[in-house]
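Please read them alongside the sequence and the coordinates.

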Amino acid sequence: MGNMPEIWFPHLGIQIEHLSRVIFQIFGYDVYWYGVIIASGVLIALAFAIREAKRTRQNAENYVDIALFGVIFSVIGARLYYVLFSWELYIDEPLKIFALREGGLAIYGGIIAGVITVIVYTKIKKLNFWLVADTTAPSLILGQIIGRWGNFFNREAFGGYTDNIFAMRYLKQQVNNIAPSVLKNTITVNGTEYIQVHPTFLYESVWNIGVLIILLIMRKNKKFDGQIFGFYLLGYACGRVWIEGLRTDQLKIGHFAVSQILSAVLIFVAFALLWYRKQKSISININNE
């Protein structure tokens, strides 16, 4: 392989000679960049939620509890979502369901489980769910922005072949489960084989930065509780609809990508939620006059 880079953005002039999946070892166990990045995203998101809670004069301790319960159940939800729509991989070896170190988490499963966790927690604590949802929405998208870079280190969650300005090359030998459409466009440079693909993790991360900026602008002038959360759902789902269509590792039902269908449904749900919460707010204001 010589001095050929492991990761290469040819049209941007960016080359990374070596990028290991493993950051270090503890007692003989590999600690992966993926896990460290996800953990960092959670902690940074929590810190942001606590700051937002204090800004809006809420009890910050509630958000620590939500984070603790949310992480546990979100991981379970993300795994169950992935297993449910990839059952053929586990039907003969069901114990592999618990092999989280081998990968297999779906972010939508985590989001669904996280929302359910917040609903239950706010019900038990008698808190305003919509206020809590608004407070956590910017933190959630911030965590997703950071977390997506774990896919970069793992050489996963990329799209099909492209030669656009953001085209990314991975060493073919370092990537698993390469789609036939990508393999047929293998590029050889100085005897080294690369796949050249859409960096969809990058697209989603950048898109989410845009969503975060919008949420941060809106939060100081929101008209009703639930508005920030509704726009989070809407913004994230709109981006995911088109980005998911580029990926080659989609979870599918028949010929349809599950996350793409769910994103399309979520767009309508977000519009309905925003309309309902706005009407509810108008009704409350009229009754208070």
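Does D134 count as buried or exposed?

1. At 5% relative accessibility, D134 counts as buried, a term that stands for under 20% relative accessible area, with exposed meaning over 50% and partly exposed in between (1.4 Å probe, protein chains only). The model is a predicted one, in which local features need pLDDT of at least 70 and side-chain atom pairs count only at pLDDT 80 or more, while totals for chains, interfaces and linings use all residues. Residues are numbered from 1 along each chain as its sequence is written, and side-chain values use heavy atoms, with hydrogens and water left out.

2. D134 pairs with K222 in a salt bridge, at 2.7 Å from N to O; the term requires a side-chain nitrogen of Lys or Arg within 4 Å of a carboxyl oxygen of Asp or Glu. D134 belongs to helix α4 (residues 129–147) and K222 to the loop between α7 (200–219) and α8, so the pair ties together parts that are 88 residues apart in sequence. Helices (H or I, at least four residues) and strands (E, at least two) are DSSP runs, numbered from the N terminus. K222 counts as partly exposed, at 25% relative accessibility.

3. A further salt bridge joins the side chains of E193 and K172 (3.5 Å, N to O). Distant parts of the chain are linked here: E193 sits in strand β7 (residues 192–197) and K172 in the loop between β5 (168–171) and α6 (180–183), 21 residues apart. E193 is partly exposed at 38% relative accessibility, and K172 is partly exposed at 28%.

4. Within helix α8 (residues 227–244) lies E244, which forms a salt bridge with R240, their closest N and O atoms being 2.9 Å apart. E244 is buried at 2% relative accessible area, and R240 is buried at 5%. Salt bridges with shared partners join R148, E204, R240, E244, R247 and D249 into one network. Leaving aside residues up to four places away in sequence, E244 touches Q250, A257, S259 and Q260, where contact means heavy atoms within 4.5 Å. The whole structure holds 11 salt bridges.

5. Helix α3 (residues 107–125) has 19 residues and spans 27 Å from first to last C-alpha, close to the expected 27 Å at 1.5 Å a residue; the expected span is 1.5 Å times one less than the number of residues. Its buried residues include Y108, G109, I111, V118 and Y121. K126 follows α3 and has a positive phi, near 55°.
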